[in-house]
Amino acid sequence: MFNFIKNLIAPKKCYSCGELWHFLCPECLKKLDNHKAYCYLCKKPSFEYQIHKECKTNDFYLDKIIVLTHYKNKIIEILIKHSKYYWKKDILEDFADYLSELFLKNCDEKISDYIIVSRPMYRFKKLFRWYNQADILATFISKNTGIVHYNNLVIKTKYTKSQSRLSRQDRLKNEINSFSINKKYISIIKWKKVIIVDDVVSSASTLNEIAKLLKNYKTSENIALVIASD
Ligand SMILES: [Zn+2]
Ligand SMILES: [Zn+2]
């Protein structure tokens, strides 16, 4: 009801073409990306976004990285910025719809094998931002797909500098051992396929750190599901 009234007063408009009811309409998204599955590491085609065995190093723990679109596109960059800093959570709802659809096209049929976690934010950072955009995305994706979301399964235990301000080498070091698993969920994650939700992926070092931790607790598959890569 609240959304209905809000849509009447200030309807969503596509940032790209101005059409009503979406912040990014399906047609404009289609123009940005063809959504052919590829391996994130070599960018060559792969089945359901799987990382090729030959591309994986021993310290890489993600089995799939599913990305909706590119951050290089100015409109995507603005949309993501607005969703973070201007409290426009509805943008995340639109992206979550597209991500849910893309995920369901690239997963196994048995949905009960999956759980959703979100890339956590350090407590104090959350105080300044009011919310963690990865959590909001994950909540919407969970609602769309019926896959359970555990929003405090992965915990950020250490404050680290923002990844976007660091060089690739420093990024790799920055996040090491800065996450832990909430002990009460340990029995749940065993043999599960875990979907780690985030808004932007670059070197994938943060997502890989989380995946490494999850693998320690015997998850069967680690999948990253992300709005945009840079
Ligand atoms: Zn449009
Ligand atoms: Zn590859």
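**Figure 1. Strand β5 pairs with strand β6.** Eight bridges join β5 (residues 193–201) to β6, and the two strands run parallel. One pair to look for is V197, which stands opposite L225 in β6. Between the two strands, the chain passes through helix α9 (residues 205–216). This β-α-β crossover is right-handed. The model shown here, as in every view below, is predicted.

**Figure 2. Strand β1 pairs with strand β6.** Here the partner of β6 is β1 (residues 64–70), and the pair is parallel, with six bridges. K64 stands opposite I223 in β6. Further pairing can be seen at V67, whose bridge partner in β6 is V226.

**Figure 3. Four strands form an open sheet.** Follow the strands across the sheet in the order β1-β6-β5-β2. The pairing is parallel. Which strands lie at the edges? They are β1 and β2 (114–118), and each pairs on one side only. Neighbouring strands of the sheet are turned against each other by 20 degrees on average, direction ignored. In general, strands of a sheet pair through backbone hydrogen bonds, either parallel or antiparallel.

Figure 4. Helix α4 touches β1 and β6. The direction of α4 makes about 135 degrees with that of β1. Helix α9 touches β5 and β6. The direction of α9 makes about 165 degrees with that of β5.

**Figure 5. Helix α3 meets helix α4.** Two packed helices are described by the angle between their axes and the distance between the axes. For α3 (residues 74–85) and α4 (residues 89–105), the axes come within 7 Å. They cross at roughly 130 degrees. The two helices are therefore oblique to each other. Which residues make the contact? On α3 they are L79, H82 and S83. On α4 they are K89, I91 and L92. Three residues of this contact are nonpolar, two are polar and one is charged.

**Figure 6. I51 sits in the loop between α2 and β1.** The loop that holds I51 runs between α2 (26–32) and β1. Is I51 buried or exposed? I51 has 22 other C-beta atoms within 10 Å, and a residue counts as buried at 20 or more, so I51 is buried. Leaving aside neighbours within four places in sequence, I51 is in contact with C39, Y40, L41, K56, L62, D63, K64 and I65. Y40 lies 11 residues away from I51 along the chain. The C-alpha atoms of I51 and Y40 are separated by 6.5 Å.

**Figure 7. K43 and Y49 have positive phi angles.** K43 is not a glycine, yet its phi is positive, about 65 degrees. Y49 is not a glycine either, and has a positive phi of about 65 degrees. K43 lies in the loop between α2 and β1. Y49 also lies in the loop between α2 and β1. Which of them is exposed and which is buried? K43 has 10 other C-beta atoms within 10 Å and is exposed. Y49 has 25 C-beta neighbours inside 10 Å and counts as buried.

**Figure 8. P120 lies in the loop between β2 and α5.** Find P120 in the loop that links β2 to α5 (123–129). With 23 C-beta neighbours inside 10 Å, P120 counts as buried. Which residues does P120 touch, not counting those up to four places away in sequence? They are V154, I155, K156 and F179. In sequence, P120 and L153 are 33 residues apart. In space, their C-alpha atoms are 8.9 Å apart.

**Figure 9. The whole protein puts the close-ups in context.** The protein has nine helices and six strands. Of its 230 residues, 37% count as buried. Take the contacts between residues at least 6 apart in sequence: 68% of them join residues at least 24 apart.

Note on methods:
Residues are numbered from 1 along each chain as its sequence is written. Chains are lettered from A and ligands numbered from 1 in the order in which they are written. This is a predicted model: local features need pLDDT of at least 70, side-chain atom pairs count only at pLDDT 80 or more; totals for chains, interfaces and linings use all residues. Two strands pair if DSSP finds at least two bridges between them. A crossover is right-handed if, with the strands pointing away from the viewer, the path from the first strand over the helix to the second runs clockwise. Axes are lines fitted to C-alpha atoms, for helices over the stretch in contact, and angles run from 0 to 180 degrees between N-to-C directions. Angles under 35 degrees count as roughly parallel, over 145 as roughly antiparallel, 65 to 115 as roughly perpendicular and the rest as oblique. Two residues are in contact if their C-beta atoms, placed from the backbone, lie within 7 Å. Ala, Val, Leu, Ile, Met, Phe, Trp, Tyr, Cys and Pro count as nonpolar, Asp, Glu, Lys and Arg as charged, and the others, Gly among them, as polar. A residue is buried if 20 or more other C-beta atoms lie within 10 Å of its own, exposed if 12 or fewer, and partly exposed in between; C-beta atoms are placed from the backbone.
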